[in-house]
Amino acid sequence: MIKLKQVNQKKPGQIHKFELFGAKIVLDVNSGAVHVIDSLAWDIIDDFPFMKPKEIGDKYSNKYQAADVAEVLEELSVLVEEGMLYSEDTYSADPLQDDRLPIVKSLCLNVSHDCNLRCRYCFAGSGNFGGERLLMPVETGCRAIDFLLESSAGRKHCEVDFFGGEPLMNIGVVEKITAYGNSKAALKGKEIKFTLTTNAVGLNNEIAEFLNRENISVVLSLDGRPEINDYMRVNPAGRGSYDKIKPNITKFINSRNNENYIVRGTYTGNNLNFSNDALHLADLGYKFVSVEPVVSLSSDEWAIKEEDLPEVFKAYETLCKEFVVRLNTDKEFEFFHFNLDLNKGPCLPKRLSGCGAGYSYMAVSPEGNLYPCHQFVGKENYLIGNVIDGIKNFDIVNQFRDAHVYNKEKCNSCWARFHCGGGCHANAEHINGSIMEPYYIGCELEKKRLEYAIYIQALKSGFC
């Protein structure tokens, strides 16, 4: 028999308890272990670190048999011994603070600061990022590849995302950069994984053949139901885009056997019942779906406000229920925010800092300027350098390197910190004026999505 270990010998690690659809779930925050427990364990688990076994037995003597309480206490002790409950925080000893040059593994190439749509909520100001409507020259794109390969040090695998504006408006340059990148990477014993984000307006057979031939992952933008999409995603004449986009997306997805893509929508304060839009996309036969919340100032007509959160949470609940119903059927689909690896989980840098914007991930403007990510492009106070001369402003790099969960006050006590990595820096800066002040609504949505993701993975593993 294992001796009951009391974790009140020192400050116990953090846990998070929640109930979904009758399942009682406990996340051990530091280890990432997930436990689906019964009512007895649910009742006593909060007392376990702070009370002696006899005190716990006495407290619950009117509700549970002494033998049952003792058995659960022994099981909890085993979990503590194995580092799966109230575990210590082993990450704080390595909070990513060092004096080494940043190792850049990913670049976002803004090959087009122009767009053939005028989406009302566009953070890029309809594609020009507040400046001129420009297309990236091929020379700049190739130099960006050189910068990435030079700055990625010993990493074999690198990533490049073609972004905009609308990158298909500069598809000839995209093709040349891809060929150059593959050739240069091979010479250095490296590989580049390319991704392209498009509104699909200009997605034709020739472009599809290129994307498929080069095995480029594609993010396709469509907001869901026709009336929802067409309220926000309009062309320069103000007309909706659904009837143009949807056939192009469907044809393209079929051309690559329904693999290696994601259809991504945005929901706003105007469609808080966005679960209907996610399911609309799934019903179109799109297997990989994501619907993301808009991030905007509260003064914007389409903003999601704090008082909207209960309705948004309800939409995630509806989507989760339908997601489960469709599992293992011909209508099964993947929803981005419900994907979660409970076994390996994210690597240490992602646990602490999320996307790595500003030091392992950067964006390149059409002129070749370097910024922390695509949402900072054009903000001159966040200019890091350029692809010719490299990184010049190391103060910005260090600012983003230090913006990890241990340096963000509101993240220190948050149970979700090792899954979100402190949230989106760009959203924080846009709403609060500081990358150190997380965006509250985004935090609340992230935590709710994580609960549903944990439940789904526990269900798939047979524990619910």
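**Figure 1. The loop that holds Gly165.** Gly165 is found in the loop that runs between strand E5 (157–163) and helix H5. In this predicted model, the peptide bond leading from Gly164 to Gly165 is cis, and its omega lies near 20°. Most peptide bonds are trans, and most residues other than glycine have a negative phi.

**Figure 2. Lys176 in helix H5.** Helix H5 covers residues 171–187 and contains Lys176. Lys176 has a relative accessibility of 54% and therefore counts as exposed, the cut-off being over 50%. Between Lys176 and Asp146 there are 30 residues of sequence separation, and their C-alpha atoms lie 14 Å apart in space.

Figure 3. Phe21 is a residue other than glycine, yet its phi is positive, near 50°. Its relative accessible area of 36% lies between the limits of 20% and 50%, so Phe21 is classed as partly exposed.

**Figure 4. Asn257 between a helix and a strand.** Asn257 lies in the loop that joins helix H8 (242–255) to strand E8 (261–267). Although Asn257 is not a glycine, its phi is positive, at about 55°. Asn257 counts as exposed because its relative accessibility is 65%, over the 50% cut-off.

**Figure 5. Ala426 and its contacts.** Ala426 is placed in helix H14, which comprises residues 425–432. With a relative accessibility of 5%, Ala426 falls under the 20% cut-off and so counts as buried. When residues up to four places away in sequence are not counted, Ala426 touches Cys373, Gln375 and Phe376. Gly125 is 301 residues from Ala426 along the chain, and the C-alpha atoms of the two residues are separated by 15 Å.

**Figure 6. Leu109 and the nonpolar cores.** The largest nonpolar core has 122 residues, and Leu109, Leu220 and Phe335 touch the most other members. Helix H15 (residues 440–460) contributes the largest share of this core, 8 residues.

**Figure 7. The whole chain as the setting for the close-up views.** The secondary structure of the chain consists of 15 helices and 14 strands. The radius of gyration is 24 Å, close to the 23 Å that the globule rule gives for 464 residues, so the chain is as compact as a globular protein of that length. The C-alpha trace spans about 75 × 50 × 45 Å along its principal axes. Of the 464 residues, 53% are buried. Among the contacts between residues at least 6 apart in sequence, 71% join residues at least 24 apart. The chain has an accessible surface of about 20900 Å², and carbon and sulfur atoms account for 49% of that surface. There are 51 positive and 63 negative charges in the chain, and their mean positions are 2 Å apart.

Conventions:
Residues are numbered from 1 along each chain as its sequence is written. This is a predicted model: local features need pLDDT of at least 70, side-chain atom pairs count only at pLDDT 80 or more; totals for chains, interfaces and linings use all residues. Side-chain values use heavy atoms; hydrogens and water are left out. Helices (H or I, at least four residues) and strands (E, at least two) are DSSP runs, numbered from the N terminus. The radius of gyration is taken over C-alpha atoms; the globule rule is 2.2 Å times the number of residues to the power 0.38. Buried means under 20% relative accessible area, exposed over 50%, partly exposed in between (1.4 Å probe, protein chains only). Contact means heavy atoms within 4.5 Å. Accessible areas come from the Shrake-Rupley method with a 1.4 Å probe; for residues, only the protein chains shown count as cover. Lys and Arg count as positive and Asp and Glu as negative; His and the chain ends are not counted. The place of a charge is taken as NZ of Lys, CZ of Arg, CG of Asp or CD of Glu. A nonpolar core is a set of buried Ala, Val, Leu, Ile, Met, Phe, Trp, Tyr and Cys residues joined through side-chain atoms within 4.5 Å.
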